[in-house]
Amino acid sequence: MKKVLVLLSAVALVACFTSCNKTCTCKTYAAGIVITTDDDVELESGKKCSDLNTYVVDSDGNNKTGMECK
């Protein structure tokens with residue numbers, strides 16, 4: 001009986017983690033200034049927020065241009 005209970009709780013735990021949709025907050029920059037912020041960007045399965053980053057930094061290291069997600 002204990003084995004069945006442990007198995008059912010393990011299945012419930014896995015179901016909880018797979019049903020969650022992870023979202024990121026993405027900011028769009030132009031010359032270091034935030035142009036837009038989107039708080040509800042949904043990720044595909046197996047992706048991370050940093051996979052959506054498309055920004056570049058100028059040679060001084062001060063100004064971003066593009067999209068950064070966290």
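Okay, so let's start with charge pairs: this structure holds one salt bridge. By salt bridge I mean a side-chain nitrogen of Lys or Arg within 4 Å of a carboxyl oxygen of Asp or Glu. Before I show you where, a quick word on what we're looking at. This is a predicted model, where local features need pLDDT of at least 70 and side-chain atom pairs count only at pLDDT 80 or more, while totals for chains, interfaces and linings use all residues. Residues are numbered from 1 along each chain as its sequence is written, and side-chain values use heavy atoms, with hydrogens and water left out.

Side chains of opposite charge can pair when their charged atoms come close. Here the partners are glutamate 68 and lysine 64, and their closest N and O atoms are 2.6 Å apart. Are these two buried or exposed? I'm using buried for under 20% relative accessible area, exposed for over 50%, and partly exposed for in between, with a 1.4 Å probe and protein chains only. The areas themselves come from the Shrake-Rupley method, and for residues only the protein chains shown count as cover. Glutamate 68 has 12% relative accessibility, so it counts as buried. Lysine 64 is at 22%, so that one is partly exposed.

Now the overall layout. The protein chain has one helix and four strands, and from the N terminus on, the order is α-β-β-β-β. Helices here are DSSP runs of H or I with at least four residues, strands are runs of E with at least two, and both are numbered from the N terminus. As for burial, 13% of the 70 residues of the protein chain count as buried.

On to the cysteines. A disulfide is a covalent bond between the sulfur atoms of two cysteines. The rule I'm applying is a pair of cysteine sulfur atoms within 2.5 Å. How many disulfides does that rule give? The count comes to two. Counting bonded cysteines along the chain, the disulfides follow the pattern 1-3, 2-4.

Take cysteine 24 with cysteine 49, where the S to S distance is 1.9 Å. The torsion about that S-S bond is about -90°, so this disulfide is left-handed. Cysteine 24 lies in strand E1 (residues 23–30) and cysteine 49 in the loop between E2 and strand E3 (56–57), so the pair ties together parts that are 25 residues apart in sequence. Cysteine 24 is at 1% relative accessibility, so we call it buried. Cysteine 49 has a relative accessible area of 10%, and it is buried too.

Then there's cysteine 26 with cysteine 69, sulfur atoms 2.0 Å apart. Which hand does this one have? The torsion about its S-S bond is about 110°, so the disulfide is right-handed. This pair links distant parts of the chain, with cysteine 26 in strand E1 and cysteine 69 in strand E4 (residues 64–69), 43 residues apart. Both cysteine 26 and cysteine 69 are buried.

While we're on cysteine 24, look across to lysine 70. The two are 46 residues apart in sequence, yet their C-alpha atoms are 5.6 Å apart in space.

Lysine 70 comes up again with aspartate 39: 31 residues apart in sequence, 9.6 Å from C-alpha to C-alpha. Aspartate 39 lies in strand E2 (residues 33–42). Its relative accessibility is 46%, so it counts as partly exposed. It's also part of a negative surface patch, together with Asp38, Asp40 and Glu42. For patches, I take residues with over 30% relative accessible area and no salt bridge; like charges are joined within 9 Å, and nonpolar side chains (Val, Leu, Ile, Met, Phe, Trp, Tyr) within 5 Å. Lys and Arg count as positive, Asp and Glu as negative, and His and the chain ends are not counted. The place of a charge is NZ of Lys, CZ of Arg, CG of Asp or CD of Glu.

Last stop, the loops. Alanine 31 is in the loop between E1 and E2, and it has a positive phi of about 55° although it is not a glycine. At 51% relative accessibility, alanine 31 counts as exposed. In the loop between E3 and E4 you'll find asparagine 62, which is exposed, with a relative accessible area of 59%.

How values were computed:
Areas by Shrake-Rupley, 256 points an atom, 1.4 Å probe, with all protein chains shown as cover.
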